[in-house]
Amino acid sequence: MNSKTFLITGGAGFIGSALVRHIIKHTPHTVINVDKITYAGNLQSLSPIEKSERYHFAQVDICDSKAVADLFQHFCPDVVMHLAAESHVDRSIEGPSAFIETNIVGTYTLLEQARTYWESLGEPKRSCFRFHHVSTDEVFGDLPHPDQVSSDHALPKFLETTPYAPSSPYSASKASSDHLVRAWHRTYGLPVVVTNCSNNYGPYQYPEKLIPLMILNALKGEPLPVYGQGNQIRDWLYVTDHAEALLRVALEGRIGDTYNIGGHNEKKNIDVVYLLCDLLDELAPPSSQKTKHLKQSSLHSYRDLITFVTDRPGHDMRYAIDASKIQRELNWEPKETFESGLRKTVQWYLDNQAWCQNAVST
């Protein structure tokens, strides 16, 4: 395998750090991690590989055109993998401006600097350059829920060709960035690939997301807030599986194509919370020393902490990814089942309480 230089934006985030760790640990490639370090960026997530000679970190805002241009000129990347994004739906509802700035303006800035750099390259480097834009299944809107469809009808899934119908400021900003990337390919010839993934979970995820939030609240004996009745369905993808898929698309995907990446794990939110509670009951029961700081000393099961709260505005009811294209064309499929991945995730959070505390205190 020939060594390449990857410029990865958002490499201190949850998915980005998993991708950086995977590349440094399992390939000969060099990584330039470009991250602004907002609340969700955490360099401690990169401690396992930070001393590698093939890893470099640059604290740069992708909206800063000059700083981004300097990175291209200094590091001369072969591949750009664009993961930097504001990504929390609730935050986008409360304050959408940051999502417009980072996800749309930031993507535009990165595209323009990538195009300028690419156009300056000679062969063969020019023909080998790739710009990989990492997006979400939320750009497609939502799908029919089993409660809305008769049992004799197959439930549809998102295809790469599914029309966009974003519901939140977050998903609308990501849809916009997807369109920009494709326009830069169509208009300027920039060699791009796009991926749309389902809900990720795993180690090092910021505690505002569903799975780590439930784990950490449970260990503190605090309520486990579930929107509505928890009937929203998501397809869950273990983050290490996602990192492997991203690298394969970046290196082997067809220019101009889109690939859906999913975990083949459709679950109702309430069922995910039940599974988490049952795993915690097994691995860290309320009566154990690990959880002696619980506020409710008489707690018998973490399920007792589940609390139903008012649903989020415009909450999509179901996401489901058809990942048959990436399996068929690039021979990728997830290695983890939801049960195996969730057990690994819960155990990681139990073993890494210091990381969790540092993440929410910065």
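These legends go with several close-up views of the structure above.

This is a predicted model, in which local features need pLDDT of at least 70, side-chain atom pairs count only at pLDDT 80 or more, and totals for chains, interfaces and linings use all residues. Residues are numbered from 1 along each chain as its sequence is written, and side-chain values use heavy atoms, with hydrogens and water left out.

View A. Tyr 39 is partly exposed at 22% relative accessible area, while Tyr 206 is buried at 15% (buried is under 20%, exposed over 50%, partly exposed in between, with a 1.4 Å probe and protein chains only).

**View B. Phe 99 meets Tyr 170.** With ring centres 6.3 Å apart and planes at 70°, Phe 99 and Tyr 170 are also edge-to-face. Both are buried: Phe 99 has a relative accessible area of 2% and Tyr 170 has 7%.

**View C. A cluster of rings.** Look for Phe 140, Phe 158, Tyr 164 and Tyr 319, which ring pairs link into a cluster.

**View D. Charges over rings.** The charged end of Arg 126 sits over the ring of Trp 118, 4.0 Å from its centre (NZ of Lys or CZ of Arg must be within 6 Å of the ring centre and within 35 degrees of the ring normal). Lys 325 lies over the face of Tyr 259, 4.7 Å from the ring centre.

Note on methods: Rings of Phe, Tyr and Trp (its six-membered ring) pair if their centres lie within 6.5 Å; planes under 30 degrees apart count as stacked, over 60 as edge-to-face and the rest as tilted.
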